[in-house]
Amino acid sequence: MSSSTDYDASTPLAREIADLNRRRRAIATQQFPLPEKTRVFTVSNQKGGVGKTTTTVNLAAALAHGGARVLVIDLDPQGNASTALGIDHQAEVASIYDVIVDEAPMADTVQRSPESETLWCVPATIHLAGAEIELVSLVAREQRLRTALDEYLASVEEPFHYVFIDCPPSLGLLTINAFVAAKEVLIPIQCEYYALEGLSQLLRNIELIERHLNPHLAVSTILLTMYDGRTNLANQVANEVRTHFGDQVLQAMIPRSVRVSEAPSYGQSVVSYDVNSTGSLSYLEAAAEIAERGAKA
């Protein structure tokens, strides 16, 4: 008769624990290669609730954790990325609104996140909610973010390795500015029903931006989020996305995680909130994969 302290390594739980420990050891020893030139990502999906801001914040924090200098630009009027990074974004704070509407220097708006010595953020304030209307009548309305970002990146003493632009879940002038400013698009796709709904429209819009405003723009990265391996639906969606998009899809997938959901309420990414959680581990793996892909490009 077996005792209560016997350990059965063949059970699903034991295999899961062993796999998590193996992944933690692997990521702990992995060196993140740094790109020679600044990589600028726009994180976009017009569908809400796909983990877009969560992905922006946690990938940025994970890359900073891996030694990179990272800048996050919060272009969503809700300011959730600013909140999650512990950045002050009250109405009177200098923000991305001042940059794209009033042509203030971006250097005047950048704040260092308490997350990391190498993680910075340009916050969004409530004023950004009216920017879509104000931009309509402005000169070069689609290029204002790119102009400001290029000037800022050229002026910093230590170059940034990554810039992540968090967009609102729409295809208005703010999102167009983000697409024009970036070279790479990262699309989070949730492993749920209707996951691909609206994606064809997003890809058509990206193609139009590439053709008319930014010939260097390309969808380089797709990240599967909210994955629950216990359901057939999640596996079917993941397989469908991998079949359709091929090598653009990262091998790392972000699971449904309580820790990932809790972290923003503490003004933190999941990487600093609970580095040993499965959510943190998955974002670190995704960041490592992005870094490796950039080194091979």
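A: Happy to! One term to begin with: contact means heavy atoms within 4.5 Å. With that rule, and not counting residues up to four places away in sequence, Ile100 touches Leu75, Leu128, Leu135, Leu138, Arg144, Leu145 and Leu174.

Q: Where does this model come from, and how are things numbered?

A: This is a predicted model, where local features need pLDDT of at least 70 and side-chain atom pairs count only at pLDDT 80 or more, while totals for chains, interfaces and linings use all residues. Residues are numbered from 1 along each chain as its sequence is written, and side-chain values use heavy atoms, with hydrogens and water left out.

Q: Back to Ile100. Which residues have the most contacts inside the largest nonpolar core?

A: Those are Leu71, Ile73, Ile96, Ile100 and Met106, in a core of 54 residues. The largest share of this core, six residues, comes from helix H7 (residues 173-181). Helices here are DSSP runs of H or I with at least four residues, strands are runs of E with at least two, and both are numbered from the N terminus.

Q: What counts as a nonpolar core?

A: A nonpolar core is a set of buried Ala, Val, Leu, Ile, Met, Phe, Trp, Tyr and Cys residues joined through side-chain atoms within 4.5 Å. Buried means under 20% relative accessible area, exposed means over 50%, and partly exposed is in between (1.4 Å probe, protein chains only). In soluble globular proteins, nonpolar side chains tend to be buried together.

Q: Which residues does the second core include?

A: Among its 40 residues are Leu85, Cys121, Val260 and Ala286, and this core is separate.

Q: New topic: how many aromatic pairs does a search of the whole structure find?

A: Four. Rings of Phe, Tyr and Trp (its six-membered ring) pair if their centres lie within 6.5 Å; planes under 30 degrees apart count as stacked, over 60 as edge-to-face and the rest as tilted. The rings of Phe41 and Phe164 have centres 5.2 Å apart and planes at 10 degrees, so this pair is stacked.

Q: Where do Phe41 and Phe164 sit?

A: Phe41 is in strand S1 (residues 39-43) and Phe164 is in strand S5 (residues 162-166), so the pair links distant parts of the chain, 123 residues apart. Both Phe41 and Phe164 are buried. Ring pairs also link Phe41, Tyr162 and Phe164 into a cluster.

Q: What about Tyr266 and Tyr273?

A: They form a stacked pair, 5.0 Å centre to centre with 25 degrees between the planes. Tyr266 is exposed, at 53% relative accessible area, whereas Tyr273 is partly exposed, at 24%.

Q: Can you show me around Ser257? Which loop is it in?

A: Ser257 lies in the loop between strand S8 (249-255) and helix H10 (258-262). Ser257 is buried, with a relative accessible area of 14%. Leaving aside neighbours within four places in sequence, Ser257 is in contact with Thr278 and Gly279. A polar atom of the Ser257 side chain lies 3.3 Å from the backbone nitrogen of Val260.

Q: Now backbone angles. What phi does Glu103 have?

A: Glu103 has a positive phi of about 60 degrees, although it is not a glycine. Most residues other than glycine have a negative phi. Glu103 is in the loop between helix H4 (96-102) and strand S3 (111-112), and counts as exposed at 61% relative accessibility.

Q: And Met226, what is its phi near?

A: Phi of Met226 is near 55 degrees, again a positive value in a residue other than glycine. Met226 lies in strand S7 (residues 218-227) and counts as partly exposed, at 21% relative accessibility.

Key: Polar contact = N/O pair within 3.5 Å; in protein donor to acceptor, adjacent residues only side chain to side chain.
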